[in-house]
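The sequence and the coordinates are displayed first, and the description follows.

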Amino acid sequence: MNYKFLTYVAACTLGLACAKPNDGALLGEACKNRKCRPGLKCGSASFECMAKDSCLDSTGKALDGNCEGGQICGTDPKITSCDSDAGTAEERCVPFGMCSAGGDCANEFRPERVAPHVMILLDRSGSMGEGISEEGKKWDIAKQAIVALTTAFKGTVRFGLATFSACLDGQGCSAGTIEVPMGDDVDAIHAFLNDADEDFLCNSGFQETSIGASIDSIAKSAAWKETGREHALLLITDGKETCDGNGPNAASAALALSPSVRTFAVGFTQDVHEVDTKLLSAIATSGGTEKHYLATSTTALEEALDSIGGTAALSCTHTLKDNVPDAETEIFVYFDASVDALTQEPVDGWTYDPATTTVTLHGASCDKVKSGEVSEVVVSYDCQRGDF
């Protein structure tokens with residue numbers, strides 16, 4: 001019983017090769033001038049039909065060229081199985097005769113997540129000077145929670161701080177302003193909050209909860225934007241829109257910007273009736289973050305901000321630092337051990353910016369990373385394999 005017969009029986013059992021003769025070549029058959037059956041590929045080195053994750057031909061040879069672009073073949077016959085996929089492709093165990101994303105020939109990159117920009121948008125209306133039971137005043141509690149957030153995610157998220165409204169003399173409903181520029185130095189935020197006592201709160205006598213206008217103004221500001229990074233606003237408020245602004249529309253417009261800005265929404269109050277939860281929910285939904293947060297205590301606020309910080313830190317933008325390709329080079333992106341390359345497109349696939357050497361995942365692909373479904377992103381490009 002020869003190899004071709006055995007592989008045919010195996011493929012037939014898997015439903016890959018039990019089709020009519022005119023449906024394409026079977027497993028192990030020549031495919032140089034003929035297509036393979038559905039579910040099979042044509043190995044470019046051996047010109048035989050084989051399984052998508054295989055590089056082993058009918059003579060028992062394992063060749064790099066039988067793998068598709070951006071993959072490496074397991075050519076060491078001593079390696080028959082692997083317990084882990086951990087490490088880079090050079091370190092990773094690749095079973096004999098199997099294809100794996102990355103590798104020596106594929107010039108695998110080691111993508112590093114790019115720290116996203118999160119601009120904290122903090123309510124400074126006079127009501128923030130009110131107390132939460134016996135825990136203290138909302139303004140002091142919010143400052144404490146922001147210090148904890150920025151300290152916990154220092155190095156993985158870059159923060160800036162804006163407040164609203166601008167509290168202009170003789171005017172109400174002014175949009176918020178950036179108080180601390182975006183950067184890695186969270187100490188600057190801590191210093192500002194330490195100096196911003198209750199006198200900083202806006203008690204102008206005018207309406208000052210300008211949620212919609214502040215989201216719109218800060219989201220459009222170029223001062224905290226940087227190409228090749230993700231951007232988000234973190235709204236913290238204890239009240240309701242009082243300035244005829246439209247928070248959901250502003251959040252939707254921010255999401256449509258380039259670069260896009262997502263909006264997280266947190267309501268912080270002792271009396272839940274003081275916060276417009278429907279508005280906050282609509283802002284979060286329109287702003288691409290799905291749900292709002294409601295905190296009625298110090299602990300609840302810190303937990304909400306910690307959860308948001310963790311979500312924001314799961315970036316879908318990766319920078320390529322090693323072995324960066326030329327702009328015209330064909331790039332392949334894979335998830336974990338899969339040999340099915342992701343599609344290069346801006347809706348649910350990925351895009352590459354050669355100016356910043358960043359790969360950005362979009363839509364469904366990004367969701368898989370942020371949900372924890374995917375633990376490794378492999379970015380590689382094909383190379384000249386030479387003689388087979």
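Two residues are in contact when heavy atoms of theirs lie within 4.5 Å. By that criterion, H362 touches E345, P346, V347, D348, G349, W350 and T351, leaving aside residues up to four places away in sequence. The model under discussion is a predicted one. H362 is found in the loop that runs between β17 and α8. Its relative accessibility is 19%, and buried means under 20%, so H362 counts as buried.

**Overall organisation**

The chain has 388 residues, of which 48% count as buried. Its secondary structure consists of eight helices and 18 strands. Of the contacts between residues at least 6 apart in sequence, 66% join residues at least 24 apart. The accessible surface amounts to about 18,000 Å², and carbon and sulfur atoms account for 48% of that surface.

**The largest pocket**

The largest pocket holds about 960 Å³ of space. Its lining is made up of 34 residues, and those nearest the centre are E230, S260, R262, C366 and K370. Two or more lining residues come from each of β12 (261–268), β16 (350–353), β17 (358–361) and α8 (363–370). Among the contributors, α8 gives the most, with four residues. By residue class, the lining divides into 11 nonpolar, 15 polar and eight charged residues.

**Helices α5 and α6**

Helix α5 spans residues 247–255, and its buried residues are G247, P248, A250, A251 and A254. Viewed down the axis of α5, these residues fall within an arc of 160°, so they line one face of the helix. They pack against α4 (211–220), β12 and α6 (277–286).

In α6, the buried residues are L279, L280, I283 and A284. These cover an arc of only 135° around the axis, which puts them on the same side of α6. An α-helix has 3.6 residues a turn, so residues three or four places apart point the same way. The exposed residues K278 and T285 are carried on the face of α6 turned away from its buried side. The partners against which the buried residues of α6 pack are α4, β11, α5 and β12. Just after α6, G288 adopts a positive phi of about 85°.

**Contacts across the sequence**

E241 lies in the loop between β11 (231–237) and α5. Residues up to four places away in sequence aside, E241 touches T209, S210, I211, G212 and L279. L279 is also one of the buried residues of α6.

E303 is placed in helix α7 (residues 298–313). Exposed means over 50% relative accessible area, and E303, at 53% relative accessibility, therefore counts as exposed.

| Residue pair | Separation in sequence | C-alpha to C-alpha distance |
|---|---|---|
| E241 and G212 | 29 residues | 7.4 Å |
| E303 and A145 | 158 residues | 8.8 Å |

Which of the two classes, buried or exposed, applies to H362? H362 counts as buried at 19% relative accessibility, whereas E303 counts as exposed at 53%.

Methods
Residues are numbered from 1 along each chain as its sequence is written. This is a predicted model: local features need pLDDT of at least 70, side-chain atom pairs count only at pLDDT 80 or more; totals for chains, interfaces and linings use all residues. Side-chain values use heavy atoms; hydrogens and water are left out. On a 1 Å grid over the protein atoms alone, a cavity is a set of points where a 1.4 Å probe fits but cannot get out, and a pocket is an open set with protein on both sides within 12 Å along at least five of seven lines; lining residues have an atom within 4 Å of a point. Grid points are joined across faces, edges and corners, and a volume is the space filled by probe spheres set on the points. Ala, Val, Leu, Ile, Met, Phe, Trp, Tyr, Cys and Pro count as nonpolar, Asp, Glu, Lys and Arg as charged, and the others, Gly among them, as polar. Buried means under 20% relative accessible area, exposed over 50%, partly exposed in between (1.4 Å probe, protein chains only). Accessible areas come from the Shrake-Rupley method with a 1.4 Å probe; for residues, only the protein chains shown count as cover. The arc is that of the directions from the helix axis to the C-beta atoms.
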